[in-house]
Amino acid sequence: MTARWPVRRPTEHAALRAVCRSARPTPSVPALMAALLVASEQGDREGVCLAAHRVVRAASSKETT
């Protein structure tokens, strides 16, 4: 059996192109902080990490605009 790596996935490329064409609004910092608190209360370590990173990105994007 011959394997090629990486396997081409044309649908993945189409999805990435579609995402790049559409602008998505950034959630507000208070909403992200609420998500961070909920994840922390539930003991969801991955959720805490994701929410914390989103808070930092949202806060830094607000400073530059």
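Residues are numbered from 1 along each chain as its sequence is written, and side-chain values use heavy atoms, with hydrogens and water left out. Because the model is predicted, local features need pLDDT of at least 70 and side-chain atom pairs count only at pLDDT 80 or more, while totals for chains, interfaces and linings use all residues.

The protein has three helices and zero strands; helices (H or I, at least four residues) and strands (E, at least two) are DSSP runs, numbered from the N terminus. The order of elements from the N terminus on is α-α-α. Of the 65 residues in the protein, 11% are buried, where buried means under 20% relative accessible area, exposed over 50% and partly exposed in between (1.4 Å probe, protein chains only). The protein exposes about 6100 Å², and 60% of this is supplied by carbon and sulfur atoms; the areas come from the Shrake-Rupley method with a 1.4 Å probe, and for residues only the protein chains shown count as cover.

Helix H2 covers residues 29-42. Its 14 residues, at 1.5 Å a residue, should span 20 Å, and the end C-alpha atoms are 20 Å apart, which agrees; the expected span is 1.5 Å times one less than the number of residues. Which residues of H2 are buried? They are Leu32, Leu36 and Ala39. These residues cover an arc of only 65° around the axis, so they lie on the same side of H2; the arc is that of the directions from the helix axis to the C-beta atoms. The face turned away from the buried side of H2 carries the exposed residues Pro30, Leu37, Glu41 and Gln42. Just after H2, Gly43 takes a positive phi of about 75°.

Leu36 counts as buried because its relative accessible area is 18%. Leu36 and Ala52 are 16 residues apart in sequence, with 6.4 Å between their C-alpha atoms. Ala35, also in helix H2, has a relative accessible area of 38% and is therefore partly exposed. From Ala35 to Gly47 there are 12 residues in sequence and 8.3 Å in space, C-alpha to C-alpha.

Helix H3 (residues 45-64) holds Ala51. With a relative accessible area of 9%, Ala51 is buried. Ala51 and Ala34 are 17 residues apart in sequence, and their C-alpha atoms are 9.1 Å apart.

The largest pocket contains about 220 Å³ of space. On a 1 Å grid over the protein atoms alone, probed at 1.4 Å, a pocket is an open set of points with protein on both sides within 12 Å along at least five of seven lines, and lining residues have an atom within 4 Å of a point. The lining consists of Arg24, Pro25, Thr26, Pro27, Arg54, Arg57, Ala58 and Ser61.

Definitions and conventions. Grid points are joined across faces, edges and corners, and a volume is the space filled by probe spheres set on the points.
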